[in-house]
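Biologist: Could you take me through this model step by step, with the cut-offs spelled out as they come up?

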Amino acid sequence: MGKQFLTMTVNGETVEVAVEPSAMLIDVLRDQLDMIGTKEACREGECGACTVILEGMTVNSCITPAMKAQGRSVLTIEGVDDQGKLHPIQEAFIEKGAIQCGYCTPGMVLSVKVLLDENPNPLEEEVKMGLSGNLCRCTGYIKIIDAVMVAARQMGQ
Ligand code: FES
Ligand code: FES
């Protein structure tokens, strides 16, 4: 089958791309739109490195067919800042030292964003549950959870 046209909104901008029917969303973002902030690790839907927000919900873009984004809105890590000013979640990750190799960070930040949008005042246990689909091999999670609590406080002010 030939390529199909995909029209979607990425970080507020409408884009139209010709995609292979078998393409996953991560492939279109990284390879066709040069948005390499979205990371690929397991490519099996297990680690969350490739997390993006599709219509307000987190998805693993490595197992999400690109055509699922047809007519829908995608937010990637490139779109979370406010005209160059880091998002409070990003600030909190830096402040708390929650970034080591950084490979999990873009997906983690997007998952935290959805978590705090839905639950602005989470308990630590709720944060742990909310981030259970995002694996980090470096930090041991404690600093990440601290960062989420700081971000929640900042965003609540
Ligand atoms: S790369 Fe997508 S879940 Fe691991
Ligand atoms: S900081 Fe390295 S995987 Fe999380």
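This is a predicted model: local features need pLDDT of at least 70, side-chain atom pairs count only at pLDDT 80 or more; totals for chains, interfaces and linings use all residues.

Biologist: In what order do the elements of the protein chain run from the N terminus?

Modeller: Helices (H or I, at least four residues) and strands (E, at least two) are DSSP runs, numbered from the N terminus. The protein chain has five helices and five strands, and their order from the N terminus is β-β-α-β-β-β-α-α-α-α.

Biologist: What is the radius of gyration of the protein chain, next to what the globule rule gives?

Modeller: The radius is taken over C-alpha atoms, and the globule rule is 2.2 Å times the number of residues to the power 0.38. For 157 residues the rule gives 15 Å, and the chain comes close to this, so it is as compact as a globular protein of that length, with a radius of gyration of 16 Å.

Biologist: How much of the protein chain is buried?

Modeller: A residue is buried if 20 or more other C-beta atoms, placed from the backbone, lie within 10 Å of its own, exposed if 12 or fewer, and partly exposed in between. By that count, the buried share of the 157 residues is 39%.

Biologist: Which residues of helix 2 are buried, and what do they pack against?

Modeller: Helix 2 spans residues 88-95, and its buried residues are Pro-88, Ile-89, Gln-90, Ala-92 and Phe-93. Contact here means that two C-beta atoms, placed from the backbone, lie within 7 Å. The buried residues of helix 2 pack against helix 3 and helix 5.

Biologist: How does helix 2 lie relative to helix 5: parallel, antiparallel, perpendicular or oblique?

Modeller: Axes are lines fitted to C-alpha atoms, for helices over the stretch in contact, and angles run from 0 to 180 degrees between N-to-C directions. Helix 2 and helix 5 (residues 142-156) have axes 8 Å apart and pack at an angle of about 140°. Angles under 35 degrees count as roughly parallel, over 145 as roughly antiparallel, 65 to 115 as roughly perpendicular and the rest as oblique. Helix 2 is therefore, relative to helix 5, oblique.

Biologist: Which residues join helix 2 to helix 5, and how do they divide by class?

Modeller: From helix 2 come Pro-88, Ile-89, Ala-92, Phe-93 and Glu-95, which meet Ala-147, Val-150, Ala-151, Gln-154 and Met-155 of helix 5. Ala, Val, Leu, Ile, Met, Phe, Trp, Tyr, Cys and Pro count as nonpolar, Asp, Glu, Lys and Arg as charged, and the others, Gly among them, as polar. By class, this contact of helix 2 with helix 5 has eight nonpolar, one polar and one charged residues.

Biologist: How do helix 2 and helix 3 cross, and which residues make the contact?

Modeller: The axes of helix 2 and helix 3 (residues 105-118) cross at roughly 125° and come within 10 Å. That makes helix 2 oblique to helix 3. The contact is made by Ile-89, Gln-90 and Phe-93 of helix 2 with, from helix 3, Thr-105, Val-109, Val-112 and Lys-113.

Biologist: Is Gln-83 buried or exposed?

Modeller: Gln-83 lies in the loop between strand 5 (73-75) and helix 2, and its phi is near 50°, a positive value in a residue other than glycine. Because 4 other C-beta atoms lie within 10 Å, Gln-83 is exposed.

Biologist: Where is Asn-11 found, and how exposed is this residue?

Modeller: Asn-11 is found in the loop between strand 1 (4-10) and strand 2 (13-19), with a positive phi near 50° in a residue other than glycine. Because Asn-11 has 17 C-beta neighbours inside 10 Å, it counts as partly exposed.

Biologist: Which residues is Glu-55 in contact with, leaving aside its neighbours within four places in sequence?

Modeller: Glu-55 sits in the loop between strand 3 (51-54) and strand 4 (57-60). Its C-alpha atom is separated by 6.4 Å from that of Val-74, 19 residues apart along the chain. Beyond the neighbours set aside, Glu-55 is in contact with Arg-72 and Ser-73.

Key:
Residues are numbered from 1 along each chain as its sequence is written. Chains are lettered from A and ligands numbered from 1 in the order in which they are written.
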